[in-house]
Structure formats: C-alpha cells, structure tokens
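Come along and check each entry against the picture.

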Amino acid sequence: PTSTPMSPSPTSLAPSENPTSTNFPTCSPLTLSPTTTNPSTANPTTDSPVTATPSTASPTFTTLSPTTCNPSTQGPTTCSPSSCSPTSCSPTSVSPTLAPVIESVVYAWGHRDAGGSMNANVSQVFQHGGGPSHIYPTTHGFFAIQHGNAVHSWGDPLYENLWTVPHTAKAALVRDGVSNVTVNAEGTAVLLKTGQVVYWGEDDLANPPTDVATALQSGVTQVATTKDAFAALKDDGSVVVWGNSSVGGHMDNETAALLTSGVVKLVSTHGAFMALKDDGSVVSWGHSDHGGEISSVLSPHLTDIQKIVPTMGHNAEFGAFSLVKANGSVVTVGNLISGGGGFLGLLPIQKEIDPNSLVGSDVSFAAIDTNDQTIKTWGLAHMGGSLPPFLNETKVTQIVPCWGGFAALTTNGSVVSWGDGGCSISASQATQLTSNVARLVSNGDAFVALKNDGSVVAVGDSHDGGEIPASVASKLTCCVEEIIPTKKAFAARKSDGTYVVWGNIYCGGETNDNGADAYMDLGEVFVF
C-alpha cells in the first residue's frame, strides 16, 4: 500500500515514566523498555509523548520507567485510535543496550514514511560493508552506527531534515558512543556516554538558546520530551529546556528558580513536564491541561513523593500525572478528565498501592493494592477509571493499559478487563484466557496474553494488533518466548529465533516486499 505523507506529530510507552518514565519504546513520553511495562502549538492536538527504553530482553511500557513508564507490563504509548501514520506517533526514548546485528543484512518494514523502507544507497552500504552494530530511531526514520566508525540514516524523503544526522553530530556519535535516544514529533536528542547531548530537527529543537546549548555540552544524565519540547537533567540537579514553549520548552522565572538544583528525575505527558526533587517535592510546567500547572489547593499535599506516572498519549487534548507518596497514597495533577485533580485540586486519594504496578491509560489510572492484591482505579469512570463491582475482590499480579481501559492478569492465571476501549475481551477470547496465562503485553491499543505453553492470544481491534490473522495463526500456537509491541502491532520471537508479526501494516504489522516475510528468520530485531 501507498501512504500519504503527513506533517510530523509525536508515546510512549509509553514508556517517560510509564509510557513516559515507567520502564516503558513514540505515539505517546513514557522511559520504556519494549519489555512492556507497556506522545506544536499553543494548544496541542496530537498524540502525547512516551519515553521508552527498548532492549533485547523480554518486554517489561514503560512501563514509553518512555521513559517507553511502571510495572513490568506496559506497552509503549501509542498512536491515536483513528490512525497510525508515523506523523501521529509520539516520542520515544531508547537505551543503547541493544545487541548487535549478527548478519550483514538489515531488514526494515512498517510505514515507509517512518523509515520502514531503506533507500538503495544505505541498503548497499550494509550489504557490502557489513551490518550496523546499533540502530536507533529518529523522527520519521532511523540512524545506524556501522563498525563504530560510520553513521548512516534513512527515512521519509519529505522530512529529510528530521532524520538526517548532522555531520557534527555524526562525529560525536562515533567518538563518544550513545547512551540514550529521545525522539518527539519534530526532533531528536541523543545523550552521549560523555554526558553531552547532540540534537537536530525543526528550528526550535535544532537551535536552542545559547545558554541551553552550552549546558548541553556536558553533565546531562536524562533527557525527557513532550510533543515537541525537550528537558535535560544535569548531574548537579539542574534542568534546562528547549523547544515549543506551550508544551514545556520554556519556563518562567519562578519555575526556573525551583529547578537550579535538587532534581532527581523528569517525567512528561504529551504537553507538560514534571520534576521530582530530592526532598520529595515536585515542580511542573507546560500546558495546564496536561499537568503543567499545580493549584494552590493541591500544592500542600505534594510532599514525600516517591514516584510519578503520567497518562499515555491517546488523548492529545488532556493529560495528567499520578504521584505516589511514601505512605502509598496517591495525589493527582492535571486535567480532571484524564484522572488529574483539575484546577481546584483534590485531596490525596487514600489508596495503599504498589508504586511499581501503577499504570496510566489515556484518561485513567490503575494499580494493585499492597495489602490484598485487589485493583484500585481512578479517572474517567467509563474509560477504566471505575472498577466494575464483580471485580472488586479479584486479586491480580499485573495490569496493562489500553485505549479507554485496562486488562489484568489474576493470581490464578486468568485475564480480566474493564473499560470501553481496546482491552475488551470477546466471548471467544475469554475461553482462551481462563488459565495458564504467564504475562500480558500491551501496545496501548490492544494487548497480547503469552501463555505458559508458548501460545498467544491477542485482544482488541484487528487494526491495532488485537486479532491474529489466519496466515500466521498456526505459527503462534507454541514456542513464543517474547512479545515486542509497536504502535498498533506486535512481533513474537520464537525459541528457534524466528519472528512472527501482525497488526497494522503502517506500524510494522506486515512486512514490505524487501525480502522478508511475516514469518522471518532474523539475527536480531530492533523495534521502535
């Protein structure tokens, strides 16, 4: 199929803390391990960011720990339910702990406008000069480091300035090595192992103010992102920002004064940043409808904060943060529709939850009670924020988010779900999910249950990866060891080293006619 290029737009897995910074690979920021724990204007209207930390280990969304993001079950934060153009996908944060490609052949598949098809020049370089040791995402494409001495990139020809690595950055990438890559709708920021950040993209992101550019030369320990702004945390606890001012690319003097020291972590939604300080306090800035403003009523309750988890990126109009206190209670900040406290603020939600289990959907949150393993929820009631009474006593070990709802793995190995979105289980699927489920993996729109016998069950809309096509169903009845999510698609790694993919063709759910099939024998697969 052909695709019509669209203007850039941002997970997240999701991961960011959860898509954003939960250990949660961009539609919405979360820092996310594609291990699953499970992102331009004054009024943002596209998907929110995600921070993700992909690795070759079993997935854990972020949760885009993004940033990707939370429990060991979150998928990246994701594309909007209505489309999966790479332009609607949000930022991602990627760890460099990816294993090298063993063979010299490199396959790319998915949306051609997002790097799913390599140009002939790059393909020939890899065929004749050997495959790259690492592959990383950029906006609308990829870049690869070959033999530790050359950098090659490819992507959408209409947005070449967004994925082409500048010559000065190439030299630094080869010389110093990559620690982390953070991508949003309009730019890329690469944290080098030396603590320097190199960056490229649209004007605001490629040309930060002089004082910010100077600060990015050394000492950076983390980079977070909203839809089209970056924030960098330095080793002295200070924070610098650049990009679109309406979504956190600029701080007023009062906010800047609070961020000169003591910051230990950055978390982001689609349109706002939040910083956690070493004294348990927090500071937020950016768009107020995304958690960028803390009311005076709520402010006194924002103490002893231990963890921050954002909503993921389906609802680009609203966003929120859930903050877990030392005593296990929760405070929410952001738009009321997305589970936040609103402008008036709410008293702390008295729920003793396991911070590592907390996950955010687009408009709600869910977590596991530390006392009895039951489910606790808050947010938009019919979209997962209110638990059906028949699930009140259900004990669970894992929760994953979907658009408009959640799914959970119970202590007896069955699966339950609630909400009106992509986690809804059909009657035929329910019969396969009554026992022996080992783990759930979400891509933010649909989820997959990996069973103890190595078989898989997909739940959700077929366009989101929630239905396994007949053409590959027989290959997924056993021996699957890992499920890797992308936006609206999944890849299953089998014990023999082969991969099976399904889902939205524009998000990697089918392969291009480049020599690979939907059933592939590959040395290594990189998914962003």
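My entries follow in the order in which I looked things up.

**Ground rules.** I am working with a predicted model, in which local features need pLDDT of at least 70 and side-chain atom pairs count only at pLDDT 80 or more, while totals for chains, interfaces and linings use all residues. Residues are numbered from 1 along each chain as its sequence is written, and side-chain values use heavy atoms, with hydrogens and water left out. I took helices (H or I, at least four residues) and strands (E, at least two) as DSSP runs, numbered from the N terminus.

**Helix H3.** Which residues of H3 are buried? In this helix, residues 167–176, I found Ala-169, Ala-172, Leu-173 and Asp-176 buried. Buried means under 20% relative accessible area, exposed over 50%, and partly exposed in between (1.4 Å probe, protein chains only). Looking down the axis of H3, I saw that its buried residues fall within an arc of 100°, so they line one face of the helix. That arc is taken from the directions from the helix axis to the C-beta atoms. A handy reminder: an α-helix has 3.6 residues a turn, so residues three or four places apart point the same way. On the face of H3 turned away from the buried side, I noted the exposed residues His-167 and Arg-175.

The buried residues of H3 pack against several strands, including E3 (141–146), E4 (150–155) and E5 (178–183); contact means heavy atoms within 4.5 Å. After H3 comes Gly-177, with a positive phi near 85°.

**A sheet.** Next I traced an open sheet of 3 strands in the order E11-E12-E13, with antiparallel pairing. Two strands pair if DSSP finds at least two bridges between them. E11 (263–268) and E13 (282–286) are the edge strands, each pairing on one side only. E12 (residues 272–277) pairs with E13 over 5 bridges, and I found Ala-275 opposite Val-283 in E13.

**Cysteines.** How many disulfides are there? I counted 1 disulfide, using a pair of cysteine sulfur atoms within 2.5 Å as the rule. Cys-402 and Cys-423 form it, with their sulfur atoms 2.0 Å apart. Cys-402 lies in strand E20 (residues 396–402) and Cys-423 in the loop between strand E22 (415–419) and helix H7 (427–430), so the pair ties together parts that are 21 residues apart in sequence. Cys-402 is buried at 0% relative accessibility, and Cys-423 is buried at 1%. I also looked up Cys-478, partly exposed at 31%, and Cys-479, partly exposed at 33%.
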